[in-house]
Amino acid sequence: MYRSSNIVARIFDRQICTPAPGTSVHHARRFYENLVPSYTVYEVECPDHSFRKFTDDGQYLISFSRNHQELIVYRPRWLSFSCKDEDCDKHDLPSRAKRFDSFFSQLYCVPLASCNELICKDFFLYMESNQLGLFATSTAQIHDAPAVGGAVHGVPSIEKITFLLLRLEDGEILDKKVFSNDFVNLTHNMGVFLYDDLLAIVSLRYQTIHILQIRDSGNLVDVRAIGEFCREDDELFLNSNAQGMALSDKNKQLQLPGNHIENHLHQGQPNLGNSFLSGIKQRLLSFIFQGLWNEERDDTLRIQRLRKKFYFHFQDYVDLIIWKVQFLDRHHLLIKFGSVDGGVSRNADHHPAFVAVYNMDTTEIVSFYQFCDHFHATSRNSMYMNFISSHSNNIHALEQLRSIKDKASSSAQFVKKMLASLPFSCQSQSPSPYFDQSLFRFDDKLISATDRHRQSTDHPIKFILRRHPYSLKFKIKPGPEAGSMDGRAKKISSFLFHPILPLALSVQQTLFLQPSVVNIHFRR
């Protein structure tokens, strides 16, 4: 613990004091209490792009063209300018310093989408170890598409979804993965999860979890598909069994009178799609059945419980679909099940759902969970993501959770609200130290580490020290310095914080496709 809030004194303390084991990073992050983005350049001259985010290592700023056809990648650089006087802080910045290219240099511009496709602006995943970026393009949704070929009724269809793997150093496209007449929820990375070199893509329309591996060479390699089948030889076994059943039925038909043969010929062609539930659904039903079976020792009570809890709700279980998936480690998946309406809705909070842990090696459902924070799974190569504040590692976040629980009308409502965030969307939170709730206090209704647009305000957002002297350290104000001239227009803001540097972008935009107002906040 530093004895002084003065940065020079803290540097001396760092030289002569050794932090407790396992606390060196937390100790070093306290320097961010002194190094804050305290200066703002309002309404920066910049290209009219859709700015997505900084990569987790801070090496790149990702943006897309307004027509959602091109990817533009920038390299952050620090502002530099000369001053003749001794105290340059008294002078205003030169006019060139207020331009976007004084803080960022464009590396390249790459076309990603064809004429009938658009870049999915809410989707981007970064593989830090190889500096690879995963992007997606798609055609328009077809909401009333017929459910053919085993598709789920009520889930829209997209004619073409293309995942593109790029090397961000030079913008070269290394590989592509195309899904045809399918539906993957790409909003805020919901339908895709990256863990180390493993990638999980959820096909809502065909209820399949596609597991891919990203090789060092930049290739996307299919590993397995979980859904209709769980083991690699399930399809072979079922097809072989179906052929055996068909041959047996045919032999029986040959022994029947001639006038009956024609009426029974169709029985030799069994329809597996209508005969069996999917493999993952059978695993789920088996787990639920076994759990209820083991809860009672008396046979009579056991049958009564199964009738009430299992058979009565059997069709409800059958109708469940996979909403979302998250890696817990390289062997286990956290799978969220729910109704069809909730799976395609932007707000699934009001739809019943539950989560299950699935072991990919044994193909078994391991357990159900009500709520647990260890579902925050991060790749081993991403050090920055390990310090995002949550109620398991931060006492202030835990107090917020208790406050939410106290305000809830019932325990069931609180659990339902917490379950709505599971599984967590991949790379959906900023690792910036300014969102560390042990360092700073701020209004999480206006700004937070979660990657979401917020309703804009004309008042600055304050960041206040958590420790003595509890002073205001800096403010973030989106939009023009003097405030908006049109108070009736609805405005939304997004905030892009660099994961390491005292540097942030605030982007304010209206719903009428007017040019965005971009402010740059940095330490002068």
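**View 1. Lining of the largest cavity.** Leu-125, Tyr-126, Met-127, Leu-132, Gly-133, Leu-134, Leu-165, Leu-194, Leu-199 and Ile-214 line the largest cavity of this predicted model. Two elements, strand 7 (125-127) and strand 8 (132-138), each give two or more residues to this lining, where helices (H or I, at least four residues) and strands (E, at least two) are DSSP runs numbered from the N terminus. By class, the lining comprises nine nonpolar residues, one polar residue and no charged residues; Ala, Val, Leu, Ile, Met, Phe, Trp, Tyr, Cys and Pro count as nonpolar, Asp, Glu, Lys and Arg as charged, and the others, Gly among them, as polar. The volume of the largest cavity is about 40 Å³, and a search of the whole structure finds two cavities of 30 Å³ or more. On a 1 Å grid over the protein atoms alone, a cavity is a set of points where a 1.4 Å probe fits but cannot get out, whereas a pocket is an open set with protein on both sides within 12 Å along at least five of seven lines, and lining residues have an atom within 4 Å of a point. Grid points are joined across faces, edges and corners, and a volume is the space filled by probe spheres set on the points. Residues are numbered from 1 along each chain as its sequence is written, and side-chain values use heavy atoms, with hydrogens and water left out. Because this is a predicted model, local features need pLDDT of at least 70 and side-chain atom pairs count only at pLDDT 80 or more, while totals for chains, interfaces and linings use all residues.

**View 2. The second largest cavity, with charged residues in its lining.** This cavity holds about 30 Å³ of space, and its lining consists of Arg-29, Phe-387, Ile-388, Ser-389, Ser-430, Pro-431, Ser-432, Phe-435, Asp-436 and Ala-449. Five of these residues are nonpolar, three are polar and two are charged.

**View 3. The second largest pocket.** About 910 Å³ of space lies in this pocket, and of the 32 residues that line the pocket, Glu-228, Phe-276, Leu-277, Ser-278 and Gly-279 are the closest to its centre. Strand 15 (220-226), helix 3 (234-254), helix 5 (272-275), helix 6 (279-295) and strand 16 (321-327) each give two or more residues to the lining, and the largest share, five residues, comes from helix 6. The lining has 17 nonpolar, nine polar and six charged residues.

View 4. Strand 24 is joined to strand 25 (residues 503-510) by seven bridges in the antiparallel sense, and Leu-496 stands opposite Leu-505 in strand 25; two strands pair if DSSP finds at least two bridges between them. These two strands form a hairpin with five residues between them. Strand 24 also pairs with strand 21 (residues 454-455), antiparallel and over two bridges, where Gln-455 has Ile-492 as its bridge partner.

View 5. Four bridges join strand 22 (residues 461-465) to strand 23, and Lys-462 stands opposite Lys-475 in strand 23.

View 6. The structure holds 14 salt bridges, each defined as a side-chain nitrogen of Lys or Arg within 4 Å of a carboxyl oxygen of Asp or Glu. Arg-10 forms a salt bridge with Glu-33, the closest N and O atoms being 2.8 Å apart, and this pair links helix 1 (residues 7-16) with the loop between helix 2 (24-29) and strand 1 (39-41), 23 residues apart. Arg-10 is buried at 3% relative accessible area, as Glu-33 is at 4%, and Arg-10, Arg-30, Glu-33 and Arg-467 are linked in a network of salt bridges.

Notes. Buried means under 20% relative accessible area, exposed over 50%, partly exposed in between (1.4 Å probe, protein chains only).
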